[in-house]
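Reader: Please take a close look at one part of this model. I would like the packing inside and between the chains, in one connected account.

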Amino acid sequence: MTASRTFNGGLLSEVEGGLLLQSCFRVNGAPAFAPDADHTTMSVDVLEAWAASGCPLEVAPLPDGLDRDVVLTSLPNLVEAASSTVRLHLFDHAVAVVNGEASEPKGWPTDGAIDLDPEMHANLEHAWALERSLTNVSQGAYVSDRTHRLGMGARLGLSAQAGPTWPPRGADVDGHPLSGGGHLQPSGTVYSWTRLIAAGAPSEFALRAPLLGGLTSMVIDLDDGPRGVFLHADGHDANVDIGHRVRLVVRRLYAQDGVLRYGRKALS
Amino acid sequence: MVDVAVVGAGQTAFGQHPGAMKDMWSEAVRACVNSVDGDLSLSDVDEVFLGSTAFGGGQLGNTAAYLAEHAGMAGVSARRVENACASSGFALRDGWASIASGRADLVVVGGLETMNDLTPERKRYWLGVSGDTEWERLAGLTFPGTYALMARRHAHEHGSTHDDLVHISVKNHAHALDNEHAHLRKAVPFEKAAAGAMIADPLTLYDCCPTSDGAACLVLASADLARSLTDTPVWMRGSGAASDHLALHDRPSLTTLPATKKAAAQAYAAAGIGPMDLDMAEVHDCFTIAELLATEDLGLADVGEGGTFAREGRGRRNEGRTTVNGSGGLKAKGHPLGATGAGQVVEVFKQLRQQAGPRQVRDAECALTHNVGGSGATCAVHIFGRDRA
């Protein structure tokens, strides 16, 4: 295993035949997921690293334990092929993409590690569980399951309408097709930003915002042109300013109707 | 077109109202009817336009019928007008249009919101319903955050400072001291406002309007009818309204509200005046940065000079050319969403009739109201005059 480097908020290292991404978060010295990460988000991260290294995005069928829709929508070029020897392996707070077999990581890098307060971590886990329960009902405004699913391609894969226009507007009066704008690069520059106290957070974030100490939101000028509004990824230092470069990574956004909903968040 | 005048205007106090929705509305209607000089029968009303976001969902559907009947206007054509915080600004425009077009002679325009009968949690849920739900709200934004993004960008592009915003807050709190209807009647020293608790960086508590209950009611009449009801009608000289992209990410700039500019241009053109002719302006300062942007977009200050305008106190009552938010504005008078636009006209009605008591703007003859929905997706601008030329 080579020395690790930071990629999409995780610790990336080369292993025999592939790449290993380990969570950089620790609770009492033990590895833990970022407050808004899980195996699904880390799978997207490591596959983006795999693609960035020049490897084709063709892998054996994805393992159980992932939200397949999220992974496949986030990576529009990903192909599942039964014949592929490149496999995704899920480990304890780590994911590897390897041509062949992979073994459990033997060590955890200490450089770049972020310690989470154990109580906060436990409370966040509890908050996610509550948020995912069917009794948790958002009030005042609501994104239906259909609307959410229709927007997944744009939210996760950054698919744009011709223009490019992002987020896509849906069918418009001029009949412009929903597709045709390609997939935007997940990177951009901060146009403006704010940090909202927990009491001002939308109801979808009401359980977790107090634990996170508020929410940092940014208007981002995407490198491919359009502008978007994004949250900062949880747990990482949100020390941003106008003009800063950010990368958009897939993370949990919130849960609704018992289902986790994912989207892109900014990482400075 | 038929000339239209405001012949009556009244409101409840804005703030914590102990009564129910119907009580509040009745109180505003009573105050409005009492302000009409001549004999007015509500049974003669042709149309009712009621601005409300129906905050909290207490009476989400058929709000106008529910309230019109209760206030002695059963059977009258009534509808709720909803454009977020600009609901009653647009109700006013609808009322004006129905008379100007000759379709009606006597119209009641109202606004109402009950906000403080909800639990804090439920209240918070409802405060974010008028922005872009799918992309902004789920990026963590409610309106404090949205306007904070505008403030930070304005500071970046034009060099405005948080102190400039503090000057607006201090001014509007000072103005509200003389307003018996204001939610927050307390002077706030500059140092205290500057050190307010952070809400949405860079906006602090003193940059944000309160959450208010309140109702306001206006009676509009056609020219002939107006003259039979009063010797001092307040004429509606110009009406403008516009909409814009709902979502911030669709806007080319965060330092201007195009809907304000477009609505103002229409209103100025209709009235045949410019910003230099205004004695007073009641502008939509849900956050202090909103007033700063409004002074630029309405032409009271040059582009990028809103901070200087505020710092130099050019909007202070009877000090600058145009008094800005002499009532205390949304910041201190209060902001019962759907009632705010009609409430601005209540202030104009009193000012132009020289009935504003200690907060009277000297020789006020020409006034403007500016009512914004959400972060600028909708805007209604109206211009009023004391005498018809």
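Author: Start with burial in chain A: buried residues make up 47% of its 268 residues. Buried means that 20 or more other C-beta atoms, placed from the backbone, lie within 10 Å of the residue's own; 12 or fewer is exposed, and in between is partly exposed. This is a predicted model, in which local features need pLDDT of at least 70, side-chain atom pairs count only at pLDDT 80 or more, and totals for chains, interfaces and linings use all residues. Residues are numbered from 1 along each chain as its sequence is written, while chains are lettered from A and ligands numbered from 1 in the order in which they are written.

Chain A has a radius of gyration of 18 Å, which agrees with the value near 18 Å for a compact globule of 268 residues. That radius is taken over C-alpha atoms, and the globule rule is 2.2 Å times the number of residues to the power 0.38. The C-alpha trace of chain A spans about 55 × 45 × 40 Å along its principal axes. Chain A holds five helices and 17 strands. These are DSSP runs numbered from the N terminus: helices are H or I, at least four residues, and strands are E, at least two. Of the contacts in chain A with a separation of 6 or more, 61% join residues 24 or more positions apart. A contact means C-beta atoms, placed from the backbone, within 7 Å.

Now the meeting of the chains. The contact takes 32 residues from chain A and 31 residues from chain B. On the chain B side, α4 (120-127), α5 (143-158) and β5 (198-200) each give two or more residues. α5(B) gives the most, with seven residues. By class, this side of chain B has 15 nonpolar, seven polar and nine charged residues. Nonpolar covers Ala, Val, Leu, Ile, Met, Phe, Trp, Tyr, Cys and Pro; charged covers Asp, Glu, Lys and Arg; the others, Gly among them, are polar.

Last, the cores. The largest nonpolar core has 198 residues, and Leu218(B) and Leu220(B) have the most contacts inside it. Such a core is a set of buried Ala, Val, Leu, Ile, Met, Phe, Trp, Tyr and Cys residues joined through C-beta atoms within 7 Å. Not counting residues up to four places away in sequence, Leu218(B) touches residues including Val6(B), Cys32(B), Leu92(B) and Val345(B). Another core, of six residues, lies apart from the largest one; among its members are Ala13(B), Phe14(B), Ala176(B) and Ala332(B).

Conventions: Two residues are in contact if their C-beta atoms, placed from the backbone, lie within 7 Å.
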